[in-house]
Amino acid sequence: MLVSAKDMLTKAKAGKYAVGQFNINNLEWTKAILLTAQENNSPVILGVSEGAGKYMCGFETVAAMVKAMINTLGITVPVALHLDHGSYEGAFKAMDAGFSSVMFDGSHYGIEENIEKTKEVIRVAGERGISVEAEVGAIGGEEDGVVGGGEVADPDECKSIAGLGVDMLAAGIGNIHGVYPENWQGLNFDVLAKIQEKTGTMPLVLHGGTGIPEEMVKKAISLGVSKVNVNTECQLSFAAATRKYIEEGKDQQGKGFDPRKLLAPGFEAIKATVKEKMELFGSINKA
Ligand SMILES: [Zn+2]
C-alpha cells in the first residue's frame with residue numbers, strides 16, 4: 001500500500017522505534033526491500049535520490065515500477081516512496097510523478113531562503129497528502145557529489161523549520177553519508193536532545209545510518225529519531241555477495257551467467273541487511 005510517511009512516523013514516534021528508509025537503485029533492489037518489509041510486517045520507506053532517479057529513467061518510471069510491484073507482489077504493509085535530498089525543482093517533479101513523500105534539502109541555502117522554499121513545497125504537498133522532510137545543517141560526507149563536513153545543526157533553526165509544518169526533520173548531529181572515517185567523533189546526543197526539546201513531537205531523521213554503532217542508533221531512537229536512512233550498507237552487502245559469486249567462478253558454471261542467477265546472491269544479501277536493520281530499528285510487526 002503506497003502511503004505518505006506521515007502516519008507511519010507518528011506511530012513510530014509514539015512507539016519509540018524507527019522506520020528504515022532504504023534507497024533503491026533498480027528493480028532487484030526495490031523487490032528485495034518490499035518483500036523483506038512484507039515478510040517482517042514492517043512499514044518501509046523507499047528512498048530515491050535525484051541521481052538514482054535519473055539512473056532509473058526518471059521519477060515517473062520509478063513511481064510506475066513501485067506501484068506495479070506493490071500490486072503484483074501483494075504488498076499490504078505501508079510503503080512510502082520518498083525523494084531523498086531533493087532539490088527545489090526535483091521535489092515538484094517527484095510529486096507530479098506520484099511520489100508519496102519528498103525531502104526538500106534546502107540546507108545549502110541560507111536559513112531565510114530555506115524557510116521560503118520549504119514553505120512552498122509544504123503548501124503543494126499538503127494539497128496532495130504528500131509528506132515532507134526538511135533538512136537543517138548539512139549532513140557530512142557526500143550527497144550526490146556534494147561533500148559536507150559533518151556539521152551540527154542549530155536547534156533554533158530546527159525549531160523555525162519544524163514550525164512550518166514539515167512531517168519530519170533531518171538535522172546534522174555529526175552523522176556522515178557513506179563510510180565513517182577512523183577518527184569519527186560519534187553522534188552528538190546533547191544536540192539531538194536539544195533539537196527534540198525545541199521541536200516537540202517532530203519525528204527526527206538520522207541520515208548516514210551505515211556504520212553508526214548499534215548502541216548509538218538505539219540511543220538516537222530513544223531520543224526522538226523516528227526514521228533512519230540506510231543506503232551504503234545495502235550497496236556494500238550487494239557488492240560483496242556478487243563478488244563472491246564471480247570469484248567462486250559460478251558465472252562460468254552451467255547457466256550461471258544468466259542475470260537472474262548472477263544477481264540472486266546480491267538480492268538475498270540486500271534482504272538480509274534490510275531485515276537486520278528492521279530488527280535494530282524495532283519496526284518489525286509494526287505495520
Ligand atoms: Zn542523507
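Two strands pair if DSSP finds at least two bridges between them. Helices (H or I, at least four residues) and strands (E, at least two) are DSSP runs, numbered from the N terminus. By these terms two bridges join strand E8 to strand E9 (residues 204-206), and the two run parallel. This is a predicted model: local features need pLDDT of at least 70, side-chain atom pairs count only at pLDDT 80 or more, and totals for chains, interfaces and linings use all residues. Residues are numbered from 1 along each chain as its sequence is written.

The chain has twelve helices and ten strands. Its radius of gyration is 18 Å, close to the 19 Å that the globule rule gives for 287 residues, so the chain is as compact as a globular protein of that length. The radius is taken over C-alpha atoms, and the rule is 2.2 Å times the number of residues to the power 0.38. Along the principal axes, the C-alpha atoms fill a box of roughly 60 × 45 × 35 Å.

Eight strands form a closed barrel in the order E1-E2-E3-E4-E5-E8-E9-E10, with parallel pairing. Neighbouring strands of this sheet are turned by 25 degrees against each other on average, direction ignored. Helix H2 (residues 27-39) packs on the sheet, where it touches strand E1 (19-23), strand E2 (44-49) and E3, and its direction makes about 165 degrees with that of E2. Axes here are lines fitted to C-alpha atoms, for helices over the stretch in contact, and angles run from 0 to 180 degrees between N-to-C directions.

Strand E3 (residues 79-86) pairs with strand E4 (residues 101-104) in the parallel sense over three bridges, and Leu83 has Val102 in E4 as its bridge partner. Strand E5 (residues 131-136) is joined to E8 by four bridges, again parallel; here Val136 is partnered by Ala171 of E8. On the E9 side, Leu169 has Leu204 as its bridge partner. Within E8 (residues 168-171), Met168 and Ala170 point one way and Leu169 and Ala171 the other, and all are buried. Buried means 20 or more other C-beta atoms within 10 Å of the residue's own, exposed 12 or fewer, and partly exposed in between, with C-beta atoms placed from the backbone.

Helix H5 (residues 88-97) lies across E3 and E4, running at about 160 degrees to E3. H5 also packs against helix H6 (residues 111-128) at an angle of about 5 degrees, with the axes 10 Å apart. That makes H5 roughly parallel to H6, a term for angles under 35 degrees. Tyr88, Ala91, Phe92 and Met95 in H5 meet Lys117, Val121, Val124, Ala125 and Arg128 in H6.

Of the 287 residues, 47% count as buried. The largest nonpolar core has 75 residues, and those with the most contacts inside it are Ile33, Leu46, Val102 and Leu169. Such a core is a set of buried Ala, Val, Leu, Ile, Met, Phe, Trp, Tyr and Cys residues joined through C-beta atoms within 7 Å. Leaving aside neighbours within four places in sequence, Ile33 is in contact (C-beta atoms within 7 Å) with Phe22, Ile24, Val44, Leu46, Ile270 and Val274.

Two loop residues remain. Lys16, in the loop between helix H1 (6-15) and E1, has a positive phi near 60 degrees without being a glycine. Cys57, in the loop between helix H3 (50-55) and helix H4 (59-73), has a positive phi of about 70 degrees. Lys16 is partly exposed, with 13 other C-beta atoms within 10 Å, and Cys57 counts as exposed, with 11.

Conventions. Contact = placed C-beta atoms within 7 Å. Parallel < 35°, antiparallel > 145°, perpendicular 65-115°, else oblique.
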